[in-house]
Amino acid sequence: MINFLIFLFLQLLALIVFLQSCTNTSKFAAVTKTPEQAFYALEDFKSVKKADTHVHLNTSDTPYISQAREDNVRLLDIVDDRPFGVPMKKQEEIAIQQINAFPGRVVYATTFSVDNWNKNDWQDEAIASIKNSLGNGAIAVKVWKNIGMQLKDKNGKFVMIDNPRFDPILNYLAENQVPLIAHLGEPRECWLPLDQMVLNKGYYSQHPEYHMYLHPEYPSYESQVKARDNMLEKHPDLRFIGAHLASLEWSLDELSKRLDRFPNMAADLARMSDLYVHSKKDWKKTRDFFIKYQDRLLYATDVQVAATKDPLAMKKQAHDSRIRYWTFFTTDEQMNEPEVGEFQGLKLPREVVDKIYQLNAEKWFPAIVTGKKLTALTN
Ligand SMILES: [Zn+2]
C-alpha cells in the first residue's frame with residue numbers, strides 16, 4: 001500500500017512538472033534544435049565542406065593545395081593583371097596546371113589585359129582572350145585595381161570601370177552568365193592620413209607610393225566606389241562578386257545599401273581584419289549583418305601562395321589560419337589580433353555557416369561544383 005502511495009505521489013509530481021513545462025510553451029517553441037544541432041563546434045571544421053573563393057596560387061608547388069584537401073577546402077585561384085610579382089600570363093599557366101593536377105579541388109578565374117586599351121581592336125582582343133580562358137577551364141573573370149588606379153587613356157586621364165569601352169566585355173559576361181569578380185580601389189584607409197588608420201598603418205608607412213592620401217592627383221576613394229556602382233547600374237544582369245567586402249570594408253551600412261540596391265551582387269570576405277574590427281565595435285550589428293545577408297557573402301582569404309622550402313610550416317600556417325576564421329564564424333570565443341585587440345566570435349547558426357563557406361560559392365560560381373569547362377561559352 002505504501003509502495004502504491006509512493007508510486008501515486010511520483011506520478012503526480014511528474015504530471016505537475018509536465019504541466020509547468022506546458023505553461024511555458026513559447027520558450028520551448030523557440031528552441032527547435034538542441035545547441036549541438038544549431039551551431040557547429042570547433043571539431044566540425046574538417047567535416048564541413050568549404051570553398052575559399054579568393055586565393056592566388058603563384059607557384060606550381062602543391063603543399064598548399066594538399067593542405068586544402070586535408071582541410072576539406074576547394075580553392076578558386078584568381079588570375080589578375082598586376083604590375084608586380086608573377087605576371088598575368090604565368091599566373092594563368094600555373095592556374096591551368098593546378099586545375100588539371102587537382103580536378104574538383106582547384107578552379108580558376110581569368111582576367112584580360114588592358115595593355116592595348118588605346119588600340120581600336122582592344123575590345124575584340126579582350127573578348128577573344130576571355131573566350132580562350134573559358135575554353136581552358138576558367139569559371140569567372142576578375143578585374144583589378146589597375147582599372148581606376150593605373151590605366152590611363154590617350155589624354156592621360158585615369159580610366160574607371162564605368163568607362164563605356166568596357167560595356168561590350170561586360171555584356172558578353174552577363175549574356176553568358178560568367179561571374180565577374182572585382183577588386184576596385186583600395187581600402188578606404190589608403191586615402192586617410194597615417195594617424196587615422198586602424199589596420200594598414202604599417203603597410204602604408206612602408207609604401208608611400210601607394211598611400212593615396214599623399215597622391216591627391218589620383219581618383220578619390222569615393223570616385224572608385226561610384227564608378228563601380230555606375231557600372232552595376234548599367235549591367236543589372238551581370239553576376240558580380242565584390243572582392244574585399246566590395247571595397248566597403250569600413251562600413252557595414254554602406255555595404256548593406258549596395259547589397260540592397262544590386263540584387264546580383266555578392267561580396268567576398270577577404271578583409272577578415274575589418275570584420276574583426278566590426279565585431280569589436282558592435283558584435284550584435286555584425287552578427288545581424290551576416291544573418292541578414294547570409295546568401296550574399298562568400299568565404300575568401302586572398303592568400304598569396306608562393307613556393308616554399310618548408311612545406312610543413314606552410315601547411316601548418318594555412319591550417320591554423322583557417323581554424324582562426326572558423327573559430328570566428330562558428331564560436332563566440334574571445335579572440336585577439338595584434339592590430340585589432342580583443343573581439344568576439346560571431347557564433348553564426350549552422351545554416352549561415354554552410355552558406356558562407358560552401359553553398360553561396362556554388363550559387364554565385366555554379367561551375368565551382370563541377371570544375372567543368374564552360375566550353376559552350378567559347379563559341
Ligand atoms: Zn586578391
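Predicted model: local features only at pLDDT ≥ 70, side-chain atom pairs only at ≥ 80, totals over all residues.
Among contacts with a separation of 6 or more, 72% join residues 24 or more positions apart.

**Helix H6**
- The buried residues of H6 are Ala126, Ile130, Ser133 and Leu134.
- Seen down the helix axis, these buried residues fall within an arc of 100 degrees, so they line one face of H6.
- The elements that cover them include helix H5 (88–101), strand S3 (106–110), strand S4 (138–143) and helix H8 (167–175).
- After H6 comes Gly137, which has a positive phi near 115 degrees.

- Five of the five residues of S3 are buried.
- Val106, Tyr108 and Thr110 point to one side of S3, whereas Val107 and Ala109 point the other way.
- In a regular strand, side chains alternate between the two faces of the sheet.
- Strand S2 (residues 73–78) pairs with S3 in the parallel sense over four bridges, and Ile78 stands opposite Ala109 in S3.
- Between S2 and S3 the chain passes through H5, forming a right-handed β-α-β crossover.
- S3 and S4 also run parallel, joined by three bridges, with Tyr108 opposite Ala138 in S4.
- A right-handed β-α-β unit is made by S3, H6 and S4.

**Nonpolar cores**
- The largest nonpolar core has 92 residues, and those that touch the most other members are Leu76, Tyr108, Ala109, Leu269 and Leu298.
- Helix H16 (residues 350–364) supplies the largest share of this core, with six residues.
- A second, separate core has five residues, including Cys190, Met197, Tyr204 and Met212.
- Leaving aside residues up to four places away in sequence, Leu76 touches Ala51, Asp52, Thr53, His54, Val55, Val107, Tyr108, Ala109, Phe365 and Ile368.

**An exposed position**
- Arg261 is found in helix H12 (residues 252–261).
- Arg261 counts as exposed because 11 other C-beta atoms lie within 10 Å, and the cut-off for an exposed residue is 12 or fewer.
- Arg261 and Asp229 are 32 residues apart along the chain, and their C-alpha atoms are separated by 9.4 Å.

Conventions: Residues numbered from 1 in each chain as written. Core = buried A, V, L, I, M, F, W, Y, C linked by C-beta atoms within 7 Å. Buried ≥ 20, exposed ≤ 12 C-beta atoms within 10 Å, placed from the backbone. Helix = DSSP H or I, 4+ residues; strand = E, 2+ residues; numbered from the N terminus. Contact = placed C-beta atoms within 7 Å. Arc of directions from axis to C-beta. Pairing = 2+ DSSP bridges. Right-handed = clockwise from strand over helix to strand, strands pointing away.
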